Amino acid sequence: MQMTDLIIKKRDGGELSREELAWFVRGVTDGSLPDYQISALLMAMFLRKLTLRETVELTRLMADSGDRADLSGIEGIKADKHSTGGVGDKTTLICTPLTAACGVRVAKMSGRGLGFTGGTADKILSIPGFRNEIEPQAFFDNVNRVGASLIAQTGNLAPADKRLYALRDVTGTVENRSLIAASIMSKKLASGCDVLVLDVKTGSGAFMKTREDAVELARLMVSIGEEAGVRTSALITDMDTPLGNTVGNAIEVEEAIETLHGRGPADLTELSLALAAEMVHLGTGDALTVCMERVKTALYDGSARKVLANLIQAQHGDHGVIDNPGLMKQPRLNASICAEKDGYLDKMDTEAVGRSALLLGAGRARKEDDIDPSAGIRFLKKPGDAVQAGEPVAHLYSDDAEKLADGTALLRSTMGYCSAKPDLVPLIQARVSREGVEEWH
Ligand code: URA
């Protein structure tokens, strides 16, 4: 087989066979294909699109390109969740203990953050002593005993995606539904979960800028999961506004803990409950309304908070943070942004908010960069809130004066004010499952 034949076939709108896709994925994984030919085929796939059959086969081949995690050491159904990437999205830290408190185990392998969205594996390391890399047996034991464990993705899961994603990132070929679906679902299928809930973001801070595109991406991922025998559903959720009031690492862990105390912001609480209810629903088969009542009880009676404390302790972290988040590293410097006029805070470019947090030191532009756990943003006002000129709308934190100035300048430039309350879209817009697409009420 010749790579040029595959490139020309796709360039001219043809459909690649299973054998051709298998040969391509093998060449990506074993290094025999050069970057320039892989990139050319990715661009042809991006422009000509993949059929459903090509997408499903590419996903399976990518999932099989390395190891498949063997979670048979964990008893019962294992639930997982995945977000397509959001700013201020700390829901994993909340819905993992919520789901476990309702009796469905969560063996969560999370990615590190890259670019403007943060990764759970980085955030949780803000807790003093916490280890996100533990031996497989300790991971299994923790899930069996505590109900949940949160570790950094390790091992050789879907190595084809690692190379393809790195090339897509630098060749303008990320925002294609089939390529995103194959990338995400290959890693999820390789990670060995039984049920999977997807949080597909739409809006200015998301890959899918429109609701229609997000629904199509969700439908595609749900079909791929279900075809592979993994019960899968998705919520379509807004990313036109950062989730909750904080963006960063320690500051997001603190907000997640506040939420588990029942004192979290309304948007973050609503989405965390909805995702956890979906995980419990898929994991138990019980009605969604019943599962929603169960996760609410686990939130307000403190049982989910207890699971998080046990999880932290099992992974060598200081569980004192549950009652004293000040145990996490505190920033040296801070700055504030004040409202420039009376009126309402307008919608903001969420991606720019993420980039501002990155400039403060909360994220990494390159994978070898270090993260400052105490850097971040706390919003005192969110889009749609009434403001008075001179009143603080956000506090920013960093250890470095230059980073603080750069991050503050970018955040200030993305904040606008309007005289009438802006129209905001609902946080949860739809639910996608094997039964179809339902509006969210
Ligand atoms: N996240 C992924 O893992 N892959 C994509 O292609 C997009 C988001």
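Contact here means heavy atoms within 4.5 Å.

**Figure 1. Overall fold of the chain in the predicted model.** Residues 24 or more positions apart account for 77% of the chain's contacts with a separation of 6 or more. The chain comprises 16 helices and 14 strands. Its radius of gyration is 22 Å, close to the 22 Å that the globule rule gives for 441 residues, so the chain is as compact as a globular protein of that length. Along the principal axes, the C-alpha atoms fill a box of roughly 65 × 45 × 40 Å. Of the 441 residues, 56% count as buried.

**Figure 2. Packing of helix α12 against helix α13.** Helix α12 spans residues 266-284 and helix α13 residues 288-300; their axes lie 8 Å apart at an angle of about 125°. On the α12 side, the contact is made by Thr269, Leu273, Ala274, Ala276, Ala277, Glu278, Val280, His281 and Thr284. Helix α13 contributes Leu288, Cys291, Met292, Arg294, Val295, Lys296, Leu299 and Tyr300. By class, the residues of this contact are eleven nonpolar, three polar and three charged.

Figure 3. With a relative accessibility of 0%, Gly225 counts as buried, the cut-off being under 20%. Leaving aside residues up to four places away in sequence, Gly225 touches Met185, Val230 and Thr232. Leu196 is 29 residues from Gly225 along the chain, and the C-alpha atoms of the two are separated by 7.9 Å.

Terms used: Residues numbered from 1 in each chain as written. Predicted model: local features only at pLDDT ≥ 70, side-chain atom pairs only at ≥ 80, totals over all residues. Heavy atoms only, no water. Axes fitted to C-alpha atoms, helices over the stretch in contact; angles between N-to-C directions. Helix = DSSP H or I, 4+ residues; strand = E, 2+ residues; numbered from the N terminus. Nonpolar A, V, L, I, M, F, W, Y, C, P; charged D, E, K, R; others polar. Buried < 20%, exposed > 50% of the residue type's maximum accessible area, 1.4 Å probe, protein only. Rg over C-alpha atoms; globule rule 2.2 N^0.38 Å.
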